[in-house]
Amino acid sequence: MTDGNTSWDQGNISYRIVDVISLKTCDKAAFCERYLQPGIPCVIEDLVTEWPAFHKWDKDYLKQTCGGTRVFFHHETEGRTDFARPATQTTLSDFMVRIENGEPIRFFSPAHPVYDFVAGNPIFTDDVWPRTFAHLLPGGRFIGLDRLDARFWPWLPPFPPQLYVANAGSLSPGHYDEDLSHTFHCCFWGNKSVKLFADDPRSRNAMRYLSDIDLSQPLDSIHLKRHPELAGLSGWSAWLRPGQVLFIPSRMWHWFKYEELSLAYVVRARSFNSWRAYSEFARGPQGPPNTFPTHADLWRRVSWRERGLWGNLLVTFERPIILGTWVVMKALYLYFLESGRRRRVVSWLAERWGPSRVGRKTL
Ligand SMILES: O=C(O)CCC(=O)C(=O)O
Ligand SMILES: [Fe+2]
């Protein structure tokens with residue numbers, strides 16, 4: 001420990017303890033000023049403890065209310081999701097029994113109707129009050145949608161609400177959420193620990209390198225030899241208990257470790273209200289041209305009747321749809337890149353020859 005009990009060094013990385021706040025003493029203005037705008041994580045103590053889900057969603061209730069629902073789950077090897085093994089489909093009841101028996105499996109969803117039982121089951125919308133988060137978020141709409149409105153995913157963030165369930169020892173690889181949203185990670189069962197780092201282009205390579213490393217343990221010196229820039233990294237550390245919500249600001253890298261069998265309900269909020277920021281999302285790894293192929297594969301697993309109009313269109317015209325979307329996204333990107341370039345050229349000319357001459361030249 002270097003600073004009482006609020007920060008310490010762990011294998012050359014220094015961590016600050018995430019603030020634990022209460023909504024009784026932190027209103028929206030204070031939350032935005034202290035956490036959301038500067039991009040600082042915090043744990044919110046009294047946000048979901050009033051939700052019916054927090055009291056009702058034990059294993060028996062889930063088995064009783066939607067035990068027959070088909071779910072896909074992933075297999076894990078040494079705490080990591082084994083993507084070489086295809087996801088397995090079973091009932092929610094069977095998944096619950098397996099996970100209670102300590103099987104190394106995990107559930108998380110790619111926000112697709114074939115896979116995602118959360119959107120389709122009344123308890124996952126009736127027992128939760130995600131609108132509570134609207135009281136903490138800055139206002140503003142984008143094409144008429146508020147920040148929590150996930151109806152237009154995967155065209156527009158946020159990524160819809162999700163469940164994460166895994167057994168003790170499970171590790172989620174370090175990443176930041178590519179939909180660029182602010183994330184409210186609501187822990188309902190079991191303790192989790194998490195390490196967080198602000199995104200910084202200078203340390204992005206180091207973050208990617210660390211992605212599969214268990215940061216709950218001190219960093220082995222071999223990693224520091226390979227990447228000397230890892231020495232002196234500074235981040236945050238939190239221990240999340242049931243009933244607490246971790247606020248992860250947009251573009252914050254996070255490494256979760258399941259200290260116990262845990263279930264979390266995650267609500268995301270769009271972090272932007274502008275076309276410029278949209279174009280950044282759209283050409284990123286979770287932009288529509290990259291998400292559509294995964295969705296098309298999932299739609300192919302079900303009959304044409306279950307697919308609906310969009311699913312059938314995507315399966316039948318996958319390539320033209322992806323190409324068309326890619327062209328639109330590229331055009332948006334070039335428009336903003338060009339307007340950025342235009343501004344840079346104008347300010348360069350202004351510096352050289354003064355504003356009045358530049359004004360004559362560019363008008
Ligand atoms: O809990 C997990 O396994 C990962 C959660 C996560 O990445 C998130 O909430 O964005
Ligand atoms: Fe995440």
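Pro154 is found in the loop between α6 (122–126) and β9, where helices (H or I, at least four residues) and strands (E, at least two) are DSSP runs numbered from the N terminus. A cis peptide bond with omega of about 10° joins Trp153 and Pro154. Pro158 also lies in the loop between α6 and β9, and the bond from Pro157 to Pro158 is cis, with omega near 10°. Ala111 has a phi near 50°, a positive value in a residue other than glycine; its place is in the loop between β8 (105–107) and α5 (117–120). Most residues other than glycine have a negative phi, and most peptide bonds are trans.

This is a predicted model, in which local features need pLDDT of at least 70 and side-chain atom pairs count only at pLDDT 80 or more, whereas totals for chains, interfaces and linings use all residues. Residues are numbered from 1 along each chain as its sequence is written, chains are lettered from A and ligands numbered from 1 in the order in which they are written, and side-chain values use heavy atoms, with hydrogens and water left out.

Ligand 1 is surrounded by 13 residues, the closest being His175, His185, Lys192, Tyr258 and Arg268; a residue is near a molecule if one of its heavy atoms lies within 4 Å of it. By class, this shell has 4 nonpolar, 5 polar and 4 charged residues. Here Ala, Val, Leu, Ile, Met, Phe, Trp, Tyr, Cys and Pro count as nonpolar, Asp, Glu, Lys and Arg as charged, and the others, Gly among them, as polar. The strands β10 (171–175), β11 (182–189), β15 (252–258) and β16 (262–269) each supply at least two residues of the shell, and β15 gives the largest share, 3 residues.

| Side chain with the N or O atom | Distance to an oxygen atom of ligand 1 |
|---|---|
| Lys192 | 2.8 Å |
| Arg268 | 3.0 Å |
| Ser172 | 3.4 Å |

Taken alone, ligand 1 exposes 300 Å², of which the protein buries 99%; accessible areas come from the Shrake-Rupley method with a 1.4 Å probe.

Ligand 1 sits in the largest pocket, in the sense that more than half of its atoms lie within 2 Å of the grid points of that pocket. On a 1 Å grid over the protein atoms alone, a pocket is an open set of points with protein on both sides within 12 Å along at least five of seven lines, a cavity is a set where a 1.4 Å probe fits but cannot get out, and lining residues have an atom within 4 Å of a point. The volume of the largest pocket is about 1300 Å³. Its lining comprises 50 residues, with Phe108, Phe159, His175, Glu178 and Gln286 closest to the centre. Elements giving two or more residues to this lining include β9 (162–166), α7 (204–210), α9 (275–282) and α10 (288–300). The lining divides by class into 21 nonpolar, 16 polar and 13 charged residues.

A search of the whole structure finds 1 cavity of 30 Å³ or more. The largest cavity has a volume of about 100 Å³. Of the 16 residues that line this cavity, Leu171, Asp214, Leu215, Trp255 and Phe256 lie nearest its centre. Two or more lining residues come from each of β10, β12 (192–198) and β15. By class, the cavity lining has 7 nonpolar, 4 polar and 5 charged residues.

Conventions
A polar contact is a pair of N or O atoms within 3.5 Å; within protein, one must be able to donate a hydrogen and the other to accept it, and residues adjacent in sequence count only if both atoms are side-chain atoms. Grid points are joined across faces, edges and corners, and a volume is the space filled by probe spheres set on the points.
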